[in-house]
Amino acid sequence: MNKPGREVMYRREAMELTIRSVTQLKEIMSLPIVILPTTEKWDCHQCGICCRGSLIPLYDEDLARLRSQKWEEHPEFRNTPVMVRNQSSKKAFRLAHRADGSCVFLSDQGLCRIHSELGFEAKPTICRVFPLQLVPRNGKVVLTARRACPSAAADRGQLLKQHLPFVQQFIRDGRLSTKAIEPPPLKAGEQRNWKTVEFVLETVSHLLLDERFPPVRRMVHTLQFANLLSNAKTKPMEDKKLTELIKTLAQLVPDESKHFFDDRRPPSGYARMVFRSMGIEFARLHPQFRPIPSWSHRIQLLNTFFRLVRGGGPLPEIQPPFPQVRLEQLELPLGLLDPSIDYPLARLIEATSASYIYALADRKGWSVVESIRGLVSLFPVGLWLLRWVSHGRNPTAEDMVHIVVSLDRGQGFASLTGPLHRFRLQMLSSGELERLVVWYAR
Ligand code: SF4
């Protein structure tokens with residue numbers, strides 16, 4: 001078996017409870033599980049998208065179950081391992097993949113072999129619970145769905161509350177794993193307690209969900225809030241004073257953001273270059289993009305990447321869904337979009353902010369300010385990718401659903417959670433990210 005294209009594998013999250021400390025586990029387990037006010041729906045439609053391009057870590061019980069299923073006796077798996085050691089941690093295992101990045105158990109009909117031969121319960125834990133996610137917040141645990149699944153991204157299926165009995169049973173069976181994390185720093189070098197960090201996150205949620213303003217304004221307000229917070233001399237402040245300051249900053253942002261809409265100056269060439277280098281990372285996570293494990297394909301991708309960063313001329317077709325296009329064409333206005341096209345992108349931002357996933361995701365070393373910029377950057381990236389996939393025709397809601405899948409996959413993708421991506425966002429933090437939001441929202 002060839003090694004999968006590692007560079008396009010994202011880590012699929014478990015429905016693990018990210019808790020503030022192990023000692024709080026008991027307390028948190030007794031909290032009510034609630035659904036977000038932004039109505040979320042989901043059912044598995046067996047599209048098989050989550051079985052391609054994702055790394056599935058295996059727990060001890062998964063290893064035992066897979067071994068007991070004796071796949072090595074199956075003619076098809078005699079010389080094909082079904083699990084391999086993780087490259088990052090040699091002690092841990094994950095499901096094996098074929099050379100094209102699809103799960104070793106994915107059949108030609110797009111179905112899971114374990115599920116079809118042995119039933120739902122026989123599958124590894126993460127495959128059973130994805131895309132459901134539990135996120136603890138003040139006095140409650142929020143049940144939400146990761147939008148790396150197209151059904152969740154499109155809100156297709158039953159209301160999430162219909163899945164509560166399954167989640168409760170899962171917890172009762174003691175299958176919920178836990179991960180204790182410290183509060184992320186507010187900004188570089190400034191550590192605060194969870195209460196203060198949560199207050200900042202609540203404020204960000206309010207800004208992103210503020211229905212008095214259209215989505216593009218909310219994005220810019222949130223970025224301005226991050227900038228004001230980043231520039232304020234908050235380190236010597238006590239938590240109470242800082243809380244007051246945060247309230248004041250949130251009130252200031254509409255006025256502080258006005259000039260971006262008054263002058264509508266385009267982003268600089270340099271900002272667009274940095275932005276495109278981000279955009280291509282998300283493009284590689286598109287569910288219809290299938291990397292071919294060959295050197296010629298890699299060279300073609302590299303060529304596309306350099307042309308994108310250099311910023312001129314035609315881009316070759318890098319397989320469906322990305323057609324041949326001239327870079328200049330990706331800068332043209334999209335015009336007024338049908339609300340069904342805007343909807344999945346707006347819902348990604350809403351659900352992510354309301355559930356705090358963006359701040360509690362496993363982004364080692366990221367500050368809250370950086371995570372806010374990372375979240376809002378999804379908005380212009382999504383609209384830039386929409387220009388590309390729909391080049392030469394009208395964009396559709398399905399285009400946006402698949403783009404949202406790529407954007408959410410980015411949360412588990414090394415190139416979009418590591419130091420280089422933080423550096424890119426830092427380079428855009430002097431007002432250029434705001435200009436990119438306004439520019440690509442045209
Ligand atoms: S991506 Fe979603 S709908 Fe598709 S198989 Fe996975 S869980 Fe089911």
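The following conversation goes through how some terms are applied to this predicted model.

Trainee: What kind of model is this, and how are residues numbered?

Mentor: This is a predicted model, in which local features need pLDDT of at least 70 and side-chain atom pairs count only at pLDDT 80 or more, while totals for chains, interfaces and linings use all residues. Residues are numbered from 1 along each chain as its sequence is written.

Trainee: Why is aspartate 155 called buried?

Mentor: A residue is buried if 20 or more other C-beta atoms, placed from the backbone, lie within 10 Å of its own, exposed if 12 or fewer, and partly exposed in between. Aspartate 155 has 20 C-beta neighbours inside 10 Å and therefore counts as buried. Aspartate 155 also has a positive phi of about 55° although it is not a glycine, whereas most residues other than glycine have a negative phi.

Trainee: Is arginine 264 buried or exposed?

Mentor: Arginine 264 has 11 other C-beta atoms within 10 Å, so it is exposed. The phi of arginine 264 is positive too, near 45°, and this residue lies in the loop between helix 9 (239–263) and helix 10 (269–283), where helices (H or I, at least four residues) and strands (E, at least two) are DSSP runs numbered from the N terminus.

Trainee: What makes helix 8 and helix 14 roughly antiparallel?

Mentor: Helix 8 (residues 215–231) and helix 14 (residues 368–389) pack at an angle of about 160°, with their axes 10 Å apart; axes are lines fitted to C-alpha atoms over the stretch in contact, and angles run from 0 to 180 degrees between N-to-C directions. Angles under 35 degrees count as roughly parallel, over 145 as roughly antiparallel, 65 to 115 as roughly perpendicular and the rest as oblique, and the two helices are therefore roughly antiparallel to each other.

Trainee: How do you know that strand 6 and strand 8 pair?

Mentor: Two strands pair if DSSP finds at least two bridges between them, and 2 bridges join strand 6 to strand 8 (residues 93–95), the two running antiparallel. Leucine 58 stands opposite phenylalanine 93 in strand 8. These strands belong to an open sheet of 3 strands in the order 6-8-7, in which strand 6 (57–58) and strand 7 (83–85) are the edge strands, each pairing on one side only.

Trainee: What is the peptide bond from phenylalanine 130 to proline 131?

Mentor: That bond is cis, with omega near 5°, whereas most peptide bonds are trans. Proline 131 is found in the loop between helix 4 (125–129) and strand 9 (132–137).
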